[in-house]
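Student: I would like to learn how to read the features of a structure like this one. Could we go through them together?
Tutor: Gladly; let us look at it first.

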Amino acid sequence: MPAPSPGLHRALLGLWAALGLGLLGFSAIAQEPFWADLQPRVALVERGGSLWLNCSTNCPRPERGGLETSLRRNGTQRGLRWLARQLVDIREPETQPVCFFRCARRTLQARGLIRTFQRPDRVELVPLPAWQPVGENFTLSCRVPGAGPRGSLTLTLLRGAQELIRRSFFGEPPRARGAVLTATVLARREDHGANFSCRAELDLRPHGLGLFENSSAPRELRTFALPLDSPRLAAPRLLEVDSERPVSCAMDGLFPASEAGVYLALGDQRLSPDITLEGDAFMATATTTASAEQEGARQLVCNVTLGGESRESRENVTVYSFPEPLLTLSEPNAPEGKTVTVTCTAGPRALVTLDGIPAAVPGQPAQLQLNATENDDRRGFFCDATLEVDGETLSKNESAELRVLYAPRLDDSDCPRSWTWPEGPEQTLRCEARGNPEPSVHCARPDGGSVLALGLLGPVTRALAGTYRCTATNAQGEAVKDVTLTVEYAPALDSVGCPERITWLEGTEASLSCVAHGVPPPNVSCMRSGEAGIIIEGLLHVAREHAGTYRCEATNARGSAAKNVAVTVESPPEMDESTCPSHQTWLEGAEAAALACSARGRPSPQVRCSREGAPRPQRLRVSREDAGSYRCLATNPHGTDARIVTVGVEYRPVVAELAASPPGGVRPGGNFTLTCRAEAWPPAQISWRAPPGALNIGLSSNNSTLSVAGAMGSHGGEYECAATNAHGRHTRRITVRVAGPWLWVAVGGAAGGAALLAAGAGLAFYVQSTACKKGEYNVQEAESSGEAVCLNGAGGGASAGTGAEGGTEAAGTAEAPAGGEVFAIQLTSA
C-alpha cells in the first residue's frame with residue numbers, strides 16, 4: 001500500500017491540532033465564573049418618573065432570580081437568564097435595588113443606585129418694600145423649595161440682567177433638597193423701577209442630563225427722594241369773577257418726579273393741574289375760575305406727596321367782578337357808500353375809549369360815523385374800558401369788524417395765471433377771489449371738459465394739465481380769468497418707446513435708443529449691465545458680443561426710471577466639423593437614424609440631410625446600402641449653409657465560404673487545406689478550432705487558410721472557422737475524414753488492442769488530472785514506442801506546428817468548445 005501523501009499527513013496534523021484547541025476552549029468556558037449584572041447600575045431619575053431595570057446573568061440555567069427594591073413596579077418581562085422591570089413614581093431621594101440569581105447553589109448579586117432629582121419649579125423672591133428711600137439698605141431673599149439635589153443647585157440674585165450675588169451649593173449631601181439665598185442691597189436712584197429676580201439652575205449635565213433653569217417672577221423696586229423745601233406756588237393777586245387765570249406749583253430735587261402727587265386748590269375748589277416734568281423738577285399748572293360767591297380774599301394751596309411724605313405752600317388771592325365793554329355797528333354789512341355808526345359802552349364805573357377817543361366821563365358811551373368804501377371792508381374798531389380795583393388799574397377791550405359788500409376781484413396773488421405742480425402728492429388747488437360776500441370760484445376747461453376741484457385736497461395727475469377759465473361770482477357781480485396748469489412727473493419707460501426685447505442681425509448697423517415720457521422732458525442713457533460708465537451711443541456694427549442685457553435710465557427733475565432691455569443678436573446658419581462631422585458611421589441592423597448634424601445660428605436653424613444621387617429608401621433598419629454621400633442643408637430666416645457628409649455602414653461578420661481541398665477526404669500521410677472567407681466591416685479576425693489531438697497544423701498570415709501536411713487519424717473530425725469583429729461573431733463547421741489500410745488493421749486488432757486501450761485510458765486519466773491541466777509533461781509509452789503529447793485546449797496547447805506554407809503559428813489560436821477546455825493525449829510514432 002503506498003504511503004500517505006505529505007499533504008494528507010499535514011491535514012491530519014491540522015485536524016488533531018484543531019481538536020486540541022477546541023478541547024482547551026471548552027475547558028476554559030467550563031471554568032468561567034458566573035455573575036449577575038444590573039443595568040443601569042447608577043441612574044438619576046426625575047422625582048415621580050419611571051425607569052426600566054434589566055437584571056441578567058451568564059449562568060446557563062439559573063434556579064431562580066429577582067429584583068429587590070422598595071419602589072413601585074408597573075410591569076415585568078423575563079427570560080431564562082434575565083428579567084426587566086419597570087419602576088414607577090420614583091420619589092425617594094436615593095434607593096439601592098438588588099439584582100440576584102441562584103446558580104449552582106450560589107447566590108449571584110448586583111447592586112444598583114437610583115437617585116432622584118427635582119427641577120426648580122418654584123422660585124420665590126420675598127416681596128420688596130412699597131417705597132424705599134434712596135441711600136438706605138433693603139433685603140433680597142430668594143427661596144427654592146424642594147429642588148435638588150442641592151449639591152447641583154446654584155442660586156443667583158439679579159437686578160434686571162445684572163448678577164448681584166451667585167451661590168453654588170456644591171458639596172451638600174445627595175439627599176439635601178431646597179435652598180435659600182439672602183443679600184442686603186443699598187437702594188440707589190437707578191434702582192427705581194428696576195426688576196429684581198432670582199434664578200435657580202440645577203446642573204445635571206455631569207450625570208448625562210441637562211441644565212434645568214427657572215426664575216422667580218420679577219419684583220419691582222420703587223426708590224424716592226423728597227427735599228425738605230416747600231414747593232414754589234405762583235398765582236394771580238387779583239382774580240376776576242367768571243374769568244379763567246393760570247396758577248402753577250413747582251418743585252426741584254424730586255425723585256422720581258413722575259411719581260409725585262400734586263394737590264392744587266383755590267379755597268374749597270380743587271383744581272386739575274397739568275404736570276410737566278424736566279429731570280428732577282416738575283411744574284403743575286391749572287386754570288382757575290372764581291364765582292361771584294367767592295368775591296373777596298381766598299387762599300391757593302399746593303401740596304406735593306411722594307413716598308408717603310408731603311410738602312405744602314399757600315398764597316392769598318383777591319376775587320373781583322369787571323364786565324366786558326360792548327361795541328356795536330349800526331350796519332355790520334354795508335353796501336359801498338352806506339353811512340355806518342359805531343358805538344362803545346361799558347359798566348357804570350368804567351371809562352371807555354373808542355379808537356383812541358375817550359368818553360367824556362366814566363359810564364358814558366363813545367361814538368363815531370363813516371361813509372363805507374371798499375377799503376373799509378374788514379376794517380376793525382377798538383373799544384377799551386378801564387377800572388381801578390384795590391389800588392390797581394384794570395383794562396378790558398372789545399373789537400368789531402365792518403364788512404363792505406362789493407363785486408369779486410381776481411388778483412394774481414390769490415389766483416395765479418400759471419401753476420406748476422408735481423404729480424402724485426395730494427395738493428389743495430386754490431383760486432381765490434376778493435369780494436363781499438365771498439365769491440364762489442369755478443374753474444373749467446373752455447371746451448366744457450375737466451373741472452378743477454378747488455379748495456379740496458386731492459391727488460395731482462397729469463390728466464389735470466391744461467388751460468382753465470376761472471369765474472368768480474357773488475351777489476354783487478362776477479370776474480373771469482384764464483389760468484394754465486402744468487403737471488410735472490417722473491420719467492416712464494413703456495414697451496412702445498423702450499421695448500423689453502430687441503433683436504439685431506449680426507453684421508448690420510443698429511442703435512439702442514429709448515424714448516421716455518415725463519415732464520420736463522427726460523434725458524435717456526443706456527449702458528450694458530456690468531460695464532458701469534460705458535454709455536451706448538450712436539450706430540453699432542452688430543456683432544454676437546453685442547447680445548446681452550442693457551440698462552436704460554431716464555432722468556428729469558422729478559425723478560428717474562430704469563429698465564432692462566434684452567438685446568438678442570441673430571445670425572445665419574453655420575456648420576463645421578464639430579457640429580456636422582464629414583465622416584459618420586452607422587451599424588447595419590440598428591434602428592434607422594438621422595445624420596448627427598446640427599448648426600449654429602439664431603434662431604436655431606433647421607437642418608435637413610438628403611442622399612446625393614439615388615435617394616435613400618425608407619427603412620426601419622440600417623442597411624449597408626445606406627452608405628454613401630449625403631448633403632445637409634441648415635436654414636433659418638437669415639440664410640443657409642450646406643455640408644457634404646460621407647456615411648460608412650459597418651456590419652457584423654458572416655462566414656461566407658468554408659471549403660476543403662481536396663474535397664471529400666484525405667488518405668493517411670496526405671495533405672489537405674481548409675479555406676475560410678468572411679464578409680464583415682471592419683474586416684473580421686479569423687480563428688479556428690480543430691479536433692482534439694490534431695497536430696502539425698499551419699495557418700496563413702491572416703488565419704484564413706489552415707493546412708496539414710502528413711495527415712493522421714487524429715486530424716480527422718470537425719473543424720470550426722470563427723469570424724469576429726467589434727459588432728459580433730459568426731462560425732461555420734466542416735468535417736475532414738482521414739481513411740486508409742491502417743484503419744482495417746486497427747479494426748482487425750481491436751480485440752487484441754482492448755487491453756492496451758484500457759491501460760492507455762488509465763494513463764490518460766492520470767495525465768489529464770495532473771500534468772495536462774498544467775501543460776507541463778511529455779510521457780514516453782514504451783509498449784507502443786510512441787510519444788505522448790499533452791494538448792491543453794483545442795488543438796495545440798503544448799507545442800506549435802509547422803504549416804504547409806512553412807509559417808509557424810502560436811499555440812492556442814483555435815477557439816475552445818463551448819463545454820470548456822479539451823484535454824487529450826496524441827500518440828505519434830518515434
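Student: Which residue forms a salt bridge with Glu 309, and how far apart are the closest N and O atoms?
Tutor: The idea is that a salt bridge is a side-chain nitrogen of Lys or Arg within 4 Å of a carboxyl oxygen of Asp or Glu. Here Glu 309 is bridged to Arg 311, with 3.7 Å between the closest N and O atoms. Before we go on, note that this is a predicted model, in which local features need pLDDT of at least 70 and side-chain atom pairs count only at pLDDT 80 or more, while totals for chains, interfaces and linings use all residues. Residues are numbered from 1 along each chain as its sequence is written, and side-chain values use heavy atoms, with hydrogens and water left out.

Student: Are Glu 309 and Arg 311 buried or exposed?
Tutor: The scale is relative accessible area: buried means under 20%, exposed over 50%, and partly exposed in between (1.4 Å probe, protein chains only). Glu 309 is partly exposed at 37%, whereas Arg 311 is buried at 13%.

Student: How does the bridge of Arg 199 look, and which residue is its partner?
Tutor: Arg 199 pairs with Glu 201, and their closest N and O atoms are 3.0 Å apart. Arg 199 counts as buried because its relative accessibility is 19%. Glu 201 is buried too, at 11%.

Student: How many salt bridges does a search of the whole structure find?
Tutor: The search finds 52. Some residues are joined in a network: Glu 506, Arg 544, Glu 574, Asp 576 and Arg 600 are linked by salt bridges.

Student: Which parts of the chain does the bridge between Asp 89 and Arg 72 link?
Tutor: For this we need the elements: helices (H or I, at least four residues) and strands (E, at least two) are DSSP runs, numbered from the N terminus. The closest N and O atoms of Asp 89 and Arg 72 are 3.5 Å apart. The pair links distant parts of the chain, with Asp 89 in strand 6 (residues 82–90) and Arg 72 in strand 5 (residues 72–78), 17 residues apart. Asp 89 is partly exposed at 28% relative accessibility, and Arg 72 is exposed at 54%. Arg 72 also has its C-alpha atom 9.9 Å from that of Arg 91, 19 residues away along the chain.

Student: What should I look for in the backbone angles?
Tutor: Most residues other than glycine have a negative phi, and most peptide bonds are trans. Asp 89 has a positive phi, near 50°. Asn 703 has a positive phi as well, about 65°. This asparagine, Asn 703, sits in the loop between strand 59 (697–699) and strand 60 (705–708), and it counts as buried at 17% relative accessibility.

Student: Where are Pro 437 and Pro 603 found?
Tutor: Pro 437 lies in the loop between strand 40 (434–436) and strand 41 (440–444), and the peptide bond from Asn 436 to Pro 437 is cis, with omega near 5°. Pro 603 lies in the loop between strand 53 (600–602) and strand 54 (606–611). The peptide bond from Arg 602 to Pro 603 is cis, with omega near 0°.

Student: What is the order of the strands in the open sheet of 5 strands?
Tutor: Two strands pair if DSSP finds at least two bridges between them. The order in this sheet is 22-29-28-24-25, with mixed pairing. Its edge strands, each pairing on one side only, are strand 22 (238–240) and strand 25 (269–271). Strand 24 (residues 261–266) and strand 28 (residues 296–306) pair in the antiparallel sense over 6 bridges. Within strand 28, Leu 300 stands opposite Leu 266.

Student: Which residues lie nearest the centre of the second largest pocket?
Tutor: Rolling a probe the size of a water molecule over the atoms shows where empty space is left. On a 1 Å grid over the protein atoms alone, using a 1.4 Å probe, a pocket is an open set of points with protein on both sides within 12 Å along at least five of seven lines, and lining residues have an atom within 4 Å of a point. The second largest pocket is lined by 24 residues, and Pro 149, Gly 151, Ser 152, Asp 203 and His 207 lie nearest its centre.
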